[in-house]
Amino acid sequence: MHSEIFRCRSMSEEVFYHIEVPSTGHVTCSCQGTNWCSHIEATLVFGERAMVYPDDRAAADRAQALAKGRLDRPRWWKATWQSNRRWRGLAVKEPKALDLLRQGVPVVSLEGRGKKRTRAEELARRNGWETVYAPTKGVLIHVSDAANDDPRCKRARELGIATVTHDHWPLIAPHADAIKAKLDTLAKSEAAS
Ligand SMILES: [Zn+2]
């Protein structure tokens, strides 16, 4: 029986799944997908090719033609791959903070508004920090009085960014250089290990 096979990269690792489209019967993916999975949807329904192994792109085109009209999106299906720009080979915008950090400018993300914010911003400026609203890669410190389950505080934790309160910020702000130096050392020791 004739079938078309091509490799599709995993969204999270450098491994490839095999997608097989036989001339009749089920379309399968070695991620365990039968007739539907993110890999099948992206490559055979939406025609995306960035995640297809480069040598297999012609086979993917033939497979897509062969699968036409045979794939139905399951009712329970929720696609999340479309927001994965890296997987799709689309330009990934870098956070401003990361760019600033590379230029040696320390960045702090500040939660809060009104006088409290103005005070924190003023202190940042005086000590050579740039300020942003949300913690992203490149931010060194997140200043927030919000509860621990606040989404920005959570995001800061995920990124390994220390969160301090507005009360503590005046103690941290003068030490931008020391914090940067410490992070550099950490990054170097991680790279070396
Ligand atoms: Zn799959």
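In β6, which residue is the bridge partner of Val108? That partner is Ile141. The structure here is a predicted model, in which local features need pLDDT of at least 70 and side-chain atom pairs count only at pLDDT 80 or more, while totals for chains, interfaces and linings use all residues. Numbering starts from 1 along each chain as its sequence is written. As for pLDDT (the predictor's confidence in each residue, from 0 to 100), the chain has a mean of 91, with 96% of its residues at 70 or more. Helices (H or I, at least four residues) and strands (E, at least two) are DSSP runs, numbered from the N terminus.

Back to Val108, then, which belongs to strand β4 (residues 107-110). This strand is covered on both faces, with Val107 and Ser109 buried on one side and Val108 and Leu110 buried on the other. Buried means that 20 or more other C-beta atoms, placed from the backbone, lie within 10 Å of a residue's own; exposed means 12 or fewer, and partly exposed is in between. β4 pairs in the parallel sense with β6 (residues 141-143) over three bridges, and with β5 (residues 130-132), also parallel, over three bridges. Pairing takes at least two bridges found by DSSP between two strands. In β5, Val132 sits opposite Ser109. Together with helix α4 (residues 114-126), β4 and β5 make a right-handed β-α-β unit; right-handed means that, with the strands pointing away from the viewer, the path from the first strand over the helix to the second runs clockwise.

Elsewhere there is an open sheet of three strands, ordered β1-β2-β3 and paired antiparallel. Its edge strands, β1 and β3, each pair on one side only. Between β2 and β3 there are two bridges, and Glu20 faces Thr28 of β3. Helix α1 lies across β1, β2 and β3, at about 60° to β2, whereas α2 packs on the sheet, touching β1 and β2, with its direction at about 120° to that of β1. Such angles run from 0 to 180 degrees between N-to-C directions, with axes fitted to C-alpha atoms, for helices over the stretch in contact; contact means C-beta atoms, placed from the backbone, within 7 Å.

Of the eight residues in α1 (residues 38-45), six are buried, including Ile40 and Leu44.

Notes:
Two residues are in contact if their C-beta atoms, placed from the backbone, lie within 7 Å.
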